[in-house]
Amino acid sequence: MPKRQIIKLPDPRLRVKSAPVAEVTDEMRALLDDMLETMYAAPGIGLAAIQIGVPRRLVVIDLAKDDELRNPLFLINPEIVWTSDDTRIHEEGCLSIPEYYAEVERPDRCRVRFLDRQGVAQELDCEGLQATCVQHEVDHTNGVLFIDHLSRLKRDRVIKKFAKAARRDSEGSAASDAAEPSA
Ligand code: NI
């Protein structure tokens, strides 16, 4: 199970709408395992396949705390089929937008329809952090990032900052005098 590289803003692949998985094969399960390992290593609580550059509708989530047993959730072709009117505000982050956090308001509860690792259709009612996380990851499969839920001013500022950091990285050591934190 090799760990994969996580792509970061402003990589244009993060804006791609991922394609559904036609069949849950061993190859897909191996990909899910790679995603899980990559997410645990980051560390993070959710990861969509596009974040490792694979445009497939696959999501892994594990909300277990450090002192709890791992409890991975695999969502294949996830689709939000219902959301509550009541909302919650959560300070979100994203492994593709490292070290940036902002409050996002989303429905407090949702129902997600998906295929599990065996390819069996399931529905799960989520609330609280799990609901936030599921919605954040399903957004990824549609090319949507959590910063899209912020004001345009805030979003533009983040995008600009990451674009600048990416330019600086590609310029390499020549930019070492521009000593600004990369996050
Ligand atoms: Ni994310």
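This briefing covers the sheet, the helices, the core, the nickel site, the cysteines and some backbone features of one structure.

The model is predicted: local features need pLDDT of at least 70, side-chain atom pairs count only at pLDDT 80 or more, and totals for chains, interfaces and linings use all residues. Residues are numbered from 1 along each chain as its sequence is written, and side-chain values use heavy atoms, with hydrogens and water left out. A nickel ion has donors in Cys 94, His 136 and His 140.

**Sheet**

- Helices (H or I, at least four residues) and strands (E, at least two) are DSSP runs, numbered from the N terminus.
- Two strands pair if DSSP finds at least two bridges between them.
- Strand 2 (residues 58–61) pairs with strand 3 (residues 73–83) over 4 bridges, in the antiparallel sense.
- Leu 58 has Ile 76 as its bridge partner in strand 3.

**Helices on the sheet**

- Contact means heavy atoms within 4.5 Å.

**Nonpolar core**

- The largest nonpolar core has 19 residues. Such a core is a set of buried Ala, Val, Leu, Ile, Met, Phe, Trp, Tyr and Cys residues joined through side-chain atoms within 4.5 Å.
- Leu 31, Leu 32, Met 35, Leu 47, Leu 58 and Val 60 touch the most other members.
- Helix 1, strand 2 and strand 3 each supply at least two residues of this core. Helix 1 gives the most, with 7 residues.
- In soluble globular proteins, nonpolar side chains tend to be buried together.
- Leu 58 lies in strand 2. Leu 58 counts as buried because its relative accessibility is 0%; buried means under 20% relative accessible area, exposed over 50%, and partly exposed in between (1.4 Å probe, protein chains only).
- Beyond four places in sequence, Leu 58 touches residues including Val 21, Met 28, Leu 47, Leu 75 and Thr 141.
- With neighbours within four places in sequence left aside, the contacts of Leu 32 include Leu 58, Phe 74 and Arg 117.

**Nickel site**

- The protein donors are Cys 94 (SG), His 136 (NE2) and His 140 (NE2), lying 2.1 to 2.3 Å from the nickel ion. Donors are N, O and S atoms within 2.8 Å of the metal (3.2 Å for Na, K and Ca); water is not among the atoms, so sites may look incomplete.
- The donor residues are spaced C-x41-H-x3-H in sequence.
- Distant parts of the chain are linked here: Cys 94 is in strand 4 (residues 87–94) and His 140 is in helix 2, 46 residues apart.
- Cys 94 is buried at 9% relative accessibility, and His 140 is buried at 1%.

- A disulfide is a pair of cysteine sulfur atoms within 2.5 Å.
- The closest cysteine sulfur to that of Cys 110 is in Cys 126, 4.4 Å away, so the two are too far apart for a bond.
- Cys 110 is buried at 1% relative accessibility. Cys 126 is buried too, with a relative accessible area of 3%.

**Backbone features**

- Most residues other than glycine have a negative phi, and most peptide bonds are trans.
- Leu 9 and Pro 10 are joined by a cis peptide bond, with omega about 5°. Pro 10 sits in the segment before helix 1.
- Another cis peptide bond joins Ala 42 and Pro 43, with omega about -5°. Pro 43 is in the loop between helix 1 and strand 1.
- Asn 77 has a positive phi of about 50° and lies in strand 3.
- Glu 99 has a positive phi of about 60°, lies in strand 5 (residues 97–107) and is exposed at 61% relative accessibility.
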